[in-house]
Amino acid sequence: MSASVNNFGGVFLQKTETRWIQLGASLGGLAALISLGLFLILSGSDPNSVVPGILMYFALALLAGAGYGWLLRTGIRPLKTYESIVVGVVYGVASWLFFGLVIVPVLSGRGPQWNAADAAVQFPLLMIYLLQGVILALALHGMQSLGWLRAVESPHAIDELETDIQQHVVILGGGFAGVMTAQELEKRLGDHSHVQITLVSQTNHLLFTPMLAEVTAGGVEAQHISPPLRAFFRRVRVIRGEPTEINAAGNVVTVKLSSGSSMTLAYDHLVLALGTVPNFFGNANFARYAFTFKSLADAIQIRNHVIDCLERADSEMNPERRRARLTFVVVGAGFAGAELIGGLNDFVRGSLWYYKHLRNEEVTFLLVHPGERILPELSTELALYAEDKMTARGVTIRGNVRVTDAGLGSVTIGDETISAETLIWTAGNLPNPILKNIGCETDKRGAIIADEKLLVKGQHNLWAVGDCAVIPDIVTGKNAPPTAQYALREAKTLAHNLYAVLNQGEPIVFRHRSQGALAVVGHQTACAEVFGFKFSGLFAWLMWRGIYLSKLPTLEKKVRVLLDWVIDVFFPRDITYAPLVNETVDPIPPTGD
Ligand SMILES: Cc1cc2nc3c(=O)[nH]c(=O)nc-3n(C[C@H](O)[C@H](O)[C@H](O)COP(=O)(O)OP(=O)(O)OC[C@H]3O[C@@H](n4cnc5c(N)ncnc54)[C@H](O)[C@@H]3O)c2cc1C
């Protein structure tokens with residue numbers, strides 16, 4: 001019996017995501033047909049009165065079935081029968097709400113059927129969708145239980161099949177540039193290639209920096225903007241660690257693993273994508289007393305510290321100390337600084353409701369920068385709009401001046417020293433210092449000089465991408481700016497070029513025309529310049545959210561962030577002090593400790 005099932009199952013054995021999607025779509029269509037047929041037979045109704053736009057009904061059923069198949073493809077945990085029925089019911093209700101009451105009526109020119117009377121008329125449709133959901137869920141469940149359907153193989157399963165690795169590409173850095181290079185190269189090479197890709201990164205996640213300010217301001221949970229690196233790949237080997245020595249002449253990298261031990265990686269091609277570190281311009285006090293704002297740990301630490309300041313100020317009787325605790329200084333008015341202070345200002349003022357002894361007037365937010373205006377990446381008009389909005393919400397902006405020193409509880413701005421327990425540094429970055437010792441040509445900041453094909457100057461198998469590199473932008477004639485937008489595009493070109501040189505092809509030149517820039521400067525307020533058009537206010541804020549949500553990697557994280565935003569509408573910001581994390585330290589002590 002089992003042999004015959006397996007033979008028959010051989011026809012259905014699914015290995016790729018595409019097959020899951022195709023099968024989901026087919027079963028979705030079949031379930032739609034059966035459920036509609038059954039309903040019509042049992043109720044004796046006229047099809048057009050129950051399902052107006054029958055073609056659309058089937059098209060949407062195919063689409064939803066494909067989505068359902070895609071969601072189930074990895075089979076991380078096979079569902080039990082009753083769980084499949086519950087999922088089918090949820091699918092049915094969601095399809096009815098989304099397709100039955102909104103999409104189909106809107107597409108057929110009737111507008112959404114929101115009110116109770118409309119929904120009552122659509123009740124038979126609910127029955128059909130419920131039936132459809134349960135049939136689809138049980139059909140897929142049955143196929144899995146009988147062994148006719150297999151989950152998409154895990155990367156480990158594929159690794160084990162690899163016996164003839166001939167070339168090794170090592171990528172250092174798991175940020176936008178490193179992850180996109182690895183992902184695109186993996187896609188080009190296919191599942192069973194003779195090329196092994198290894199990605200080395202300090203953290204086990206990709207940090208979606210555009211939403212980092214939202215984490216600090218408590219609008220979004222930290223894990224929700226940081227998908228795990230392993231979720232991006234099927235074959236790429238991910239190593240959590242830091243390179244300690246890059247021997248470009250010997251084609252070997254030594255990596256200190258997060259467990260404390262070391263390993264060496266021999267490579268055929270090496271990609272440098274290590275990003276930047278904060279630049280304190282040689283002032284040890286900044287390094288000692290200022291918070292940096294680059295990593296997830298930074299965002300959590302700043303948030304904790306700000307909450308702690310509010311807690312301590314609430315019970316502080318000494319007016320000087322109280323003022324210091326309620327004075328928050330941010331240095332640097334680029335995207336990171338402006339977005340951070342806008343979000344934190346809203347967070348603190350919005351949280352005062354919990355602190356009965358603190359008044360709004362006691363809180364000071366100070367944005368200090370050496371330029372004429374904030375947000376130099378945007379046009380003057382939008383930057384001035386942002387300044388007006390931030391000032392109206394209680395942020396004091398001090399331009400044309402630098403923070404010159406810092407101490408415990410004090411900050412010196414120009415030659416004036418003020419009491420402040422919070423100093424956050426976003427005023428400059430330096431390429432990762434490890435790059436200084438490779439022996440390659442760098443600019444005076446220490447950034448690796450690459451050509452327009454992303455090849456490091458004077459090298460044949462060393463590539464550089466993202467913020468750690470100086471890359472000519474042939475569109476503007478300047479260097480490519482240090483933004484995620486450019487890092488991602490550079491990485492795509494690099495993946496193309498790596499594939500080309502591994503297969504005796506021709507590398508191409510990096511070319512990208514900026515699509516614009518967006519910045520949020522407080523709750524429901526943003527500025528945007530997209531393809532030369534300028535937007536501000538609520539519309540720009542909605543645009544910001546839509547664009548960045550679509551760019552946030554993985555469907556799961558998109559859903560989580562969306563839920564965070566919905567919760568944020570109905571509930572006050574969370575002032576819970578989070579346990580501290582240090583993402584570069586292995587939380588598991590060595591055996592024997
Ligand atoms: C708060 C903030 C907000 C931003 N907002 C925007 C925005 O809205 N739009 C935009 O386009 N750009 C934005 N940027 C800039 C953008 O994040 C960077 O340009 C982009 O991340 C550069 O990508 P990268 O891969 O070169 O570097 P990174 O993303 O910094 O990646 C470097 C990677 O290397 C790893 N790494 C570093 N040192 C080591 C080491 N020694 N060993 C191993 N791994 C290491 C890091 O963990 C990281 O994974 C923002 C930046 C910040 C800080």
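This is a predicted model: local features need pLDDT of at least 70, side-chain atom pairs count only at pLDDT 80 or more; totals for chains, interfaces and linings use all residues.
Reader: Where does G439 lie?

Author: Look in the loop between β16 (429-431) and β17.

Reader: What share of the contacts in the protein with a separation of 6 or more comes from residues 24 or more positions apart?

Author: Such residues account for 69% of those contacts. As for the overall inventory, the protein has 18 helices and 22 strands. Of its 593 residues, 48% are buried.

Reader: Now the helices. What describes two packed helices?

Author: You give the angle between their axes and the distance between the axes. Take α4 (residues 54-72) and α5 (residues 81-107): they pack at about 140°, and their axes are 11 Å apart. That makes α4 oblique to α5, since roughly antiparallel would need an angle over 145 degrees.

Reader: Which hand does the crossing of α4 and α5 have?

Author: Right-handed: that's how α4 passes α5.

Reader: And which residues of α4 and α5 meet?

Author: On the α4 side you have M56, L60, A61, A64, G65 and Y68, and facing them from α5 are V87, Y91, F99, I103, V104 and L107. Sorted by class, this contact has 11 nonpolar residues, one polar and no charged.

Reader: Where does α5 bend?

Author: At F99, by about 35°. F99 is also one of the α5 residues that meet α4. Just after α5 comes G109, with a positive phi of about 80°.

Reader: How does α4 pack with α7?

Author: The angle between α4 and α7 (residues 123-145) is about 40°, and the axes are 11 Å apart. That makes α4 oblique to α7 as well, because roughly parallel is kept for angles under 35 degrees. Here too, α4 passes in a right-handed crossing.

Reader: Which residues make the contact between α4 and α7?

Author: From α4, they are Y57, A61, G65, Y68 and L72; from α7, they are I128, Y129, Q132, L136, A137, L140 and Q144. By class that comes to nine nonpolar, three polar and no charged residues. If you go back to the α5 contact, you'll find A61, G65 and Y68 listed there too.

Reader: Back to backbone angles. What is the phi of L454, which is not a glycine?

Author: It is positive, about 75°. You'll find L454 in the loop between β17 (448-449) and β18 (462-464).

Reader: How does T554 count, with its relative accessibility of 27%?

Author: T554 counts as partly exposed, because its value falls between the 20% and 50% cut-offs. Its phi is near 70°, again a positive value in a residue other than glycine. T554 is found in the loop between α17 (537-551) and α18 (555-570).

Conventions:
Residues are numbered from 1 along each chain as its sequence is written. Side-chain values use heavy atoms; hydrogens and water are left out. Axes are lines fitted to C-alpha atoms, for helices over the stretch in contact, and angles run from 0 to 180 degrees between N-to-C directions. Helices (H or I, at least four residues) and strands (E, at least two) are DSSP runs, numbered from the N terminus. Angles under 35 degrees count as roughly parallel, over 145 as roughly antiparallel, 65 to 115 as roughly perpendicular and the rest as oblique. A crossing is left-handed if the near helix is turned anticlockwise from the far one by less than a right angle, and right-handed if clockwise. Contact means heavy atoms within 4.5 Å. Ala, Val, Leu, Ile, Met, Phe, Trp, Tyr, Cys and Pro count as nonpolar, Asp, Glu, Lys and Arg as charged, and the others, Gly among them, as polar. The bend at a residue is the angle between axes fitted to the seven residues ending there and the seven starting there. Buried means under 20% relative accessible area, exposed over 50%, partly exposed in between (1.4 Å probe, protein chains only).
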